[in-house]
Amino acid sequence: MAFRTNLTKVPLTVALFFLTGAIFSLDMRDEYEGATTWLLYFILAIPVAKLYSPRVLLFAISGWSLLIAVKLVQLSPTGHVGTSIFNRSIGMIILWTMAFLLYRQRSLGQLISEEEHRVTAILDGALDAVIAINAHSRITAWNPQAEKMFGFRREEAVGKLLPDLIIPPAFRDAHARGLQRFVETGEGPIMNRRIEVMALHRDGREFPVELSVMPLRSGRTVSFCAFVRDITARRELETTLRQAREVAESASQAKSDFVANISHEIRTPLNAICGTTELLLTTCLTPAQRRYAEMCLKASHTLLQLVTELLDFSRIESGRLQLELKPYDLRQLVERTIGLLSHRAEQKGLILSAHIEDDLPALIKGDAFRLQQVLLNLVSNALKFTSQGSVDITAFVVDKEPNCPRFRLSVTDSGIGIPPEDLERIFDRFTQVDSAASRQHGGVGLGLAICKRLIALMGGRIWAESSPGKGSTFIVDMPFSPVGDSDSPCAASPPMAAIGSAAPTASEPKGLAILIAEDSAESRELIHYWFEDTPHRVESVADGEQAVQRYRAGRYDLVLMDLQMPGMDGFSATRAIRAWETAQKREAVPIIALTANAFREAAEQGAAAGCTGILTKPIGRSLLLDTVARVGSRAVAPSVHAVPTPMQTRLPADTAQRITQQLADRRPQFLRNRRKDLIALREAAARGDYDTIGLLGHRIKGIAGSYGFPDMGTLGHHLEAAAKAADLPAVQAQLTQMAALLEQCDKAA
């Protein structure tokens, strides 16, 4: 036999050669076939198959077969030739069969070994720790990642009990119970699923891991393979992200709170500006003075509209805007919008019209408040950018599909138009068509952005069609839900009237008995002045408790309720009045809430308490009297927060002069009251009484502007803010400025 061997197998190869020769010699000397000495070749085949390559085994089997056949050349005794041929043929066949079986066994062994090496390589290269245990929790496999993760080397871990190595003491009993349960029942809560648990490191620290356990059955034997991933970094990232989200939410909440507070603060001086300007317009003025006063009033209303848009956009951005789903009449909504803006159209000589198709249902469900806000914005823009011609509103059904009917609301004008490249851009925030238009018509470019966000929240879309010089059409496509019997306004609770704009009033309002609840004495006096020379009878109280007592003792047609009062606030007082009316079976009297909070939450809280409507400050004389007139004519209806339109009526000259003189006469008393407040504020600052400081600051800022002292109102605002922050140095600084301002007023007098 010719074959190659390496140096380590030389002695064995030589030994096999000698053994082969010895077996051949023995076989040749055997005279009878009764002794099958050639069977010894079978024994040699086993080590050759185990220790040498298949090629060497092939050479060996071929050589041995040849040596077995050589015996046939030798003459055998008579009668044994056939037996010899048969035996040796069978022997060679068995030898080759044995060689084949040995070859197959070795090949399968090699395959198994290769597969084991492959599996081992995969496990060793796995990014997760792979651990195998038997039914008694003893570790049978432990890959390199497990070494890195837990700190134990493979030779230290294999054969040890798993709980003793990597399971924290607090969870070992649970592990033992779960393992025993699975062995007995075949069920386990953690098998074949990912869970997060705590693991134990060699150094004693516990850390979070993601664990997946897979049971392995072989006959009656069960074992388990666990895949473990260290999620410490992920947990830290989740914690960081959660903290970042909390910070962002806190910042968003702080922004919303700031916007709410600044709304109140901005609207308070606006109240003073609008109120005093309206009073000024009722006096005898020269044409130039009247023009200047009207310009001031118009500018204050523009500022109010800007503040409202900023507040709305901030609420939409923060995701705090909630839509209502209540029945409303789209025809009335459009008519109300025309009523609010018809005066502006008349001033410019424009025709403002509407056409509602008959196929629209009488009542549909949605948020009428926000839809009218969108329509008001679109029509206001159309009037703003149209110098001649008309503005038309149309509404019709575009899809009568029962599952999702839709209607289309469009506003078409004959104005300056919009270039095609700007049709999409105009709905972006702080965007206008061009700077020249913005200078001429004003605004900051938030109105259409707010409209787009509101319509999207309501499930619709808005777009514009236009060309320069040929007018524009703004189209709103909205889903709607027809109102069934259970949704009728009679079945639903009536929405709260958010009365924020003037509307047509009764021509001859009857005199009403009016109860005013307002904690500021100066504010009460100012409202009394506004009701002079009107047919109304007015009484006022200083807090909610007095309002409830006075209401129970008398008969009133209307209550004006300030929502922010010390002691019993306006919400509590309204609830108490409504409860008393129910107990006495009396008809509910309209209660109009007064607040400087521009957020819708104030309206919702007021409605929940039982208020009929809400007047958002600043409140001018014309708006207040107009609201009272509508109450007298039972015409209070849901409206929107909009910019008040100044009434065009004028007071008689003598009445205007008397009101002006009364205000002038009251200013010295106002200053005397502020000096008393200064003493009280200094005493409160000395004892750290920030509640008193905040209350007095709130009163000062709310009334000072109405008497012509806007700087004093600003000081009140800063005092209230400093009190909220418990900032004593800031309080003292404001008190110093207040003393200086009072001294300046004395010198001026």
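Visitor: Where in the chain is confidence lowest, and where is it highest?

Guide: This is a predicted model, and its confidence is lowest in helix H13 (residues 435-441), at a mean of 44. The highest value belongs to strand E15 (residues 513-517), at 93. Over the chain, the mean pLDDT is 77, and 77% of the residues reach 70 or more. Over residues 635-651 the pLDDT is below 50, and that stretch has 56 contacts in the model beyond near neighbours in sequence.

Visitor: What makes strand E18 count as largely enclosed?

Guide: Buried means under 20% relative accessible area. Five of the five residues of E18 (residues 591-595) are buried, so the strand is largely enclosed by the rest of the structure. Look at both faces: Ile 591, Ala 593 and Thr 595 are buried on one side, and Ile 592 and Leu 594 are buried on the other.

Visitor: How do you know that E18 pairs with strand E17?

Guide: Pairing takes at least two bridges. Strand E17 (residues 558-562) and E18 have four, in the parallel sense, so they qualify as a pair.

Visitor: What makes up the right-handed β-α-β unit?

Guide: Follow E17, then helix H17 (residues 570-584), then E18.

Visitor: Why are E6 and E13 said to stand at the edges of their sheet?

Guide: That open sheet has three strands in the order E6-E8-E13, with antiparallel pairing. Strand E6 (326-328) and strand E13 (481-482) each have a single partner strand, so one side of each is left without a neighbour in the sheet. Three bridges join E6 to strand E8 (residues 364-366), and Tyr 328 stands opposite Ile 364 in E8.

Visitor: Why is Cys 296 called partly exposed?

Guide: Partly exposed lies between the 20% limit for buried and the 50% limit for exposed. Cys 296 has 34% relative accessibility, so it counts as partly exposed.

Visitor: And is Cys 451 buried or exposed?

Guide: Cys 451 has a relative accessible area of 2%. The limit for buried is under 20%, so Cys 451 is buried.

Key: Residues are numbered from 1 along each chain as its sequence is written. This is a predicted model: local features need pLDDT of at least 70, side-chain atom pairs count only at pLDDT 80 or more; totals for chains, interfaces and linings use all residues. Side-chain values use heavy atoms; hydrogens and water are left out. Helices (H or I, at least four residues) and strands (E, at least two) are DSSP runs, numbered from the N terminus. Buried means under 20% relative accessible area, exposed over 50%, partly exposed in between (1.4 Å probe, protein chains only). A crossover is right-handed if, with the strands pointing away from the viewer, the path from the first strand over the helix to the second runs clockwise. pLDDT is the predictor's confidence in each residue, from 0 to 100. Contact means heavy atoms within 4.5 Å.
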